Amino acid sequence: MLDIKFIRDNLDEVTAALATKGFEFDAAAFSEMDERRKSAITRAQSLQAEKKKASKQIGALIGQGMSPEDAKAQVMGGIDSDITNAENEAKESEQALRDFLMAVPNMPHADVPAGADEDDNVEVSTWGEPASFDFEVKDHVDVGEPLGMSFDAGAALAGSRFVVMTGKIARLHRALAQFMINTHADEHGYEETYVPYLVNREALQGTGQLPKFEEDLFKLPEAQGEKDFYLIPTAEVPVTNLMADGVYDGELPVRRVAHTPCFRSEAGSYGRDTRGMIRQHQFDKVELVHFVEASKSSEALEELTGHAEVILQKLGLPYRKVILCGGDLGFSASKTYDLEVWLPAQNKYREISSCSNMTDYQARRMQARWRNPETGKPELLHTLNGSGLAVGRTLVAILENYQQADGSVVVPEVLRPYMGGLEVLNP
């Protein structure tokens with residue numbers, strides 16, 4: 001959530017910045033609600049001051065022989081009910097303004113290029129050379145099905161956009177997650193974290209998925225007697241919320257890594273990537289989350305993105321790094337790098353990781369703070385997150401990039417220790 005005072009003092013700047021995200025900020029509505037809130041608070045405070053002054057008058061009248069009841073009736077009148085009404089109005093106007101701001105996205109960083117959609121994203125760098133094949137390249141579905149990947153079985157169990165994997169390909173999928181977790185924990189200094197796959201509404205509001213993106217979530221109403229449980233769309237939600245409603249007294253940065261399934265309804269994606277594992281309702285992801293002080297968040301984004309790149313490099317998968325333009329930038333993000341892996345069957349790069357700096361936007365929604373040791377005062381954290389990587393899409397990239405003419409798939413060298421030394425997956 002954006003800072004109310006900053007918006008109030010920089011209305012034109014905020015309006016222009018949000019316009020680069022394609023968001024029309026209603027400055028007039030904000031100003032009206034902000035003024036109503038301030039007026040209600042001022043009135044409530046004024047009435048409280050009147051009540052305090054009247055209390056002294058009541059004491060004087062009682063001293064003159066008047067009964068307490070008569071003295072109170074004469075001086076107070078309806079001041080108590082007026083105070084109650086004013087306080088209720090203040091709370092209602094405060095909530096109305098908060099609800100308004102909860103639907104306003106984060107402001108883009110000054111580095112974010114202008115643009116309307118993904119076609120306007122700007123390439124920053126590339127790594128690796130796409131392989132050339134002397135046979136007709138198959139996509140991951142045709143490569144994977146003889147190896148134990150079944151979309152028909154997934155559909156029979158749960159419907160479209162689900163998959164079942166068995167045997168060696170299931171082990172390869174697991175190996176990828178273990179390799180990613182171990183690399184980030186052992187080499188990059190992340191603390192491995194296990195979190196629930198169900199969260200409450202407040203957690204999703206804290207990271208910005210709610211209220212705007214409810215249709216993209218799987219909701220489980222009144223699960224276990226509680227209302228509004230949701231399946232997590234990403235481990236970002238539970239991991240980031242570990243810092244909610246508290247003041248962290250330890251050292252920064254805090255880095256956490258979590259491997260979880262993720263669940264997305266893919267609302268509005270009908271007809272897009274219907275074949276295979278690119279866009280599933282359930283998929284695994286290894287998520288990286290940073291908590292840092294404000295002055296370090298730009299540096300942390302470069303570092304986090306670099307950690308995700310290491311995974312692609314160790315796997316020998318060609319990729320490119322792009323910075324998202326304003327129109328393609330996520331709701332809560334201030335700046336985002338996408339890593340896009342090369343898929344030979346599509347003859348193009350496809351997203352495999354998004355690494356974002358959320359600045360203090362999520363922290364203000366969650367009230368996630370740390371205690372600055374220099375001042376001793378609580379300050380809002382800056383939060384960052386990124387995929388390190390999406391496991392299913394990484395499997396897709398391996399099947400396509402490491403396929404051989406006979407239908408077998410070479411196991412990348414770094415994964416072989418996780419595969420019992422297996423070097424090739426044969427149909």
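Strand 13 and strand 16 (residues 382–390) run antiparallel to each other and pair over three bridges, where pairing takes at least two DSSP bridges between two strands. Within this pair, S356 faces N385 of strand 16. The model is a predicted one, in which local features need pLDDT of at least 70 and side-chain atom pairs count only at pLDDT 80 or more, while totals for chains, interfaces and linings use all residues. Residues are numbered from 1 along each chain as its sequence is written, and side-chain values use heavy atoms, with hydrogens and water left out.

- Eight strands make up an open sheet with mixed pairing, in the order 1-11-12-13-16-10-9-4.
- Strand 1 (122–127) and strand 4 (191–192) are at the edges with a single partner strand each, so one side of each has no neighbour in the sheet.
- Strands here are DSSP runs of E with at least two residues, helices are runs of H or I with at least four, and both are numbered from the N terminus.

- Strand 12 (residues 335–343) and strand 13 (residues 348–357) are antiparallel and joined by nine bridges.
- Across this pairing, E340 stands opposite E351 in strand 13.

**Helices across the strands**

- Helix 11 (residues 297–315) lies across strands including strand 9 (254–263), strand 10 (282–292) and strand 11 (319–323), and runs at about 10° to strand 16.
- Helix 13 lies across strand 10, strand 12, strand 13 and strand 16, at about 35° to strand 16.
- Such angles run from 0 to 180 degrees between N-to-C directions, with axes fitted to C-alpha atoms, for helices over the stretch in contact, and contact means heavy atoms within 4.5 Å.

**The cavity**

- There is one cavity of 30 Å³ or more; a cavity is a set of points on a 1 Å grid over the protein atoms alone where a 1.4 Å probe fits but cannot get out.
- The largest cavity holds about 30 Å³ of space, a volume being the space filled by probe spheres set on the points.
- Its lining residues, with an atom within 4 Å of a point, include I278, V341, R350 and R393.
- Strand 13 gives the largest share of this lining, three residues.

Methods. 1 Å grid on protein atoms, 1.4 Å probe; cavity = no way out; pocket = protein on both sides within 12 Å on 5 of 7 lines; lining within 4 Å.
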